[in-house]
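Trainee: Could you take me slowly through one part of this structure, and then show me how it sits among the parts around it? I would like to begin with a pair of charged side chains.

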Amino acid sequence: MKILDKLIIKDFLKTYFFVVLMLIMIVLVLDFTEKNDAFIRNKVPAKDILRYLGNYGLYLNNLLTPITVFISVIFITSKMAGRTEIIAILSSGTSFVRMLFPFLFSASMIGIVSFLMNGWILPGATAGVTEFKSRWLEDDKFFTQQNIHIKVAPDVYAYISRYYTSGNTGYNFTLEEIREGKLIAKLSADRIVWDTALNTWSAKNWRMRVLHEEGEHYTVGESLDTLLSITPNDFDLPINHHETLKLPALSRQIKVLEERGADNVNFYKIEKYVRFMSPFAAVILTFIGVIVSSKKTRGGSGFQIALGFMLAFVYIILFLLSRTFAEAGTTYPILAVWIPNIVFAATGLVLYKTVPR
């Protein structure tokens with residue numbers, strides 16, 4: 001590796017960490033100012049606040065990576081172009097592709113670190129932020145889930161219309177056994193309650209229908225203990241539970257939910273797709289950033305930096321839209337998640353062929 005490569009890598013990473021630190025500090029100060037009254041009112045310990053700010057800072061680092069990488073590479077490249085360093089490099093016989101090497105190498109390092117953080121470090125930070133908000137900032141400690149579908153056995157499906165975590169109680173419960181598309185038996189109950197003493201679910205005001213060739217057998221009762229492969233822990237989960245799982249745990253959770261036939265398995269799959277997709281954004285945005293800012297302009301680097309902000313925000317908006325589209329139930333969620341990278345990679349190739357350097 002040449003001395004010039006080392007200088008570019010050093011400047012790139014130094015600028016990246018500086019931009020990351022500045023943006024995170026600004027957001028943390030604004031967040032602390034907004035929540036300071038709640039901290040005082042709830043008498044939140046200083047150590048918990050510091051831990052929350054640290055966890056939130058890690059979350060922001062991952063969120064702001066596309067912006068910080070893009071701004072850093074444009075700042076470095078435009079500064080080099082303004083000093084005619086790029087002209088000198090290309091005039092020496094170095095190809096533009098070769099000049100890209102230290103930039104892409106730095107972006108790859110950032111992408112690898114981002115993948116490791118997404119897979120193993122950030123989930124713990126996200127869980128810490130969620131726990132802090134639930135403990136100190138939210139008035140309602142309990143929440144309700146609606147229209148829950150769960151596969152509890154190979155041919156058995158459960159449905160709960162509403163579930164309240166405050167009393168471990170579900171309403172309008174049904175348990176159906178279906179074989180080869182035919183209903184074999186159906187248990188209905190007004191509500192289902194978790195019995196902490198027996199560690200079982202108790203169905204209240206239940207009705208049982210068992211279908212057979214001669215007809216059906218119908219029974220009713222006030223209370224019936226049921227053995228289901230689910231516990232209240234399966235319901236007492238934060239809305240962003242998929243974001244709080246490390247990568248191995250996320251894969252295991254996806255397998256469990258698929259076996260149960262759960263409706264929310266798509267959120268966990270998309271989270272896994274995003275964790276593998278996000279690191280590539282740093283490389284793609286770096287490629288575009290070098291291309292659009294490698295030409296010297298009369299107005300200085302201000303225009304390139306403004307352009308960098310705009311394109312980075314466009315990427316984030318496109319990412320959020322594609323993720324929302326994937327979570328809405330598209331046929332190919334992995335393709336929807338990768339749309340931002342595909343669009344920007346194609347844009348980079350077009351710019352590489354058309355933009356004069």
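Mentor: Let us begin with D190, which is partly exposed in this predicted model, its relative accessible area being 34%. D190 forms a salt bridge with R207, and the closest N and O atoms of the two are 3.0 Å apart. Since D190 lies in strand β4 (residues 182-195) and R207 in strand β5 (residues 200-212), the pair ties together parts that are 17 residues apart in sequence. R207 is also partly exposed, with a relative accessible area of 27%, a value that falls between the 20% under which a residue counts as buried and the 50% over which a residue counts as exposed.

R209 pairs with E216, with 3.0 Å between the closest N and O atoms; R209 is partly exposed at 30% relative accessible area, and E216 is partly exposed at 42%. Salt bridges that share partners also join E271, R275, R323 and E327 into one network. Another pair is E177 and R179, whose closest N and O atoms are 2.5 Å apart; here E177 is partly exposed, with a relative accessible area of 21%, and R179 is partly exposed at 44%. The count of salt bridges comes to 13.

R323, which belongs to that network, leads us to helix α7, where R323 is among the buried residues, together with others including L307, L311, Y315 and F319. Helix α7 covers residues 302-327, and its 26 residues reach 38 Å from the first C-alpha to the last, close to the 38 Å expected at 1.5 Å a residue. An α-helix has 3.6 residues a turn, so residues three or four places apart point the same way. The buried residues of α7 are covered by elements that include α2, α6 (265-293) and α8 (333-354). After α7 comes G329, whose phi is positive, near 110°.

Helix α2, one of the elements that cover α7, spans residues 46-82 and holds S72. S72 is buried, with a relative accessible area of 0%, and its side chain reaches the backbone nitrogen of Y16 at 3.4 Å. Leaving aside neighbours within four places in sequence, S72 is in contact with F12, T15, Y16 and V19.

Methods
Residues numbered from 1 in each chain as written. Predicted model: local features only at pLDDT ≥ 70, side-chain atom pairs only at ≥ 80, totals over all residues. Heavy atoms only, no water. Helix = DSSP H or I, 4+ residues; strand = E, 2+ residues; numbered from the N terminus. Buried < 20%, exposed > 50% of the residue type's maximum accessible area, 1.4 Å probe, protein only. Polar contact = N/O pair within 3.5 Å; in protein donor to acceptor, adjacent residues only side chain to side chain. Contact = heavy atoms within 4.5 Å. Expected span 1.5 Å × (residues − 1). Salt bridge = Lys/Arg side-chain N within 4 Å of Asp/Glu carboxyl O.
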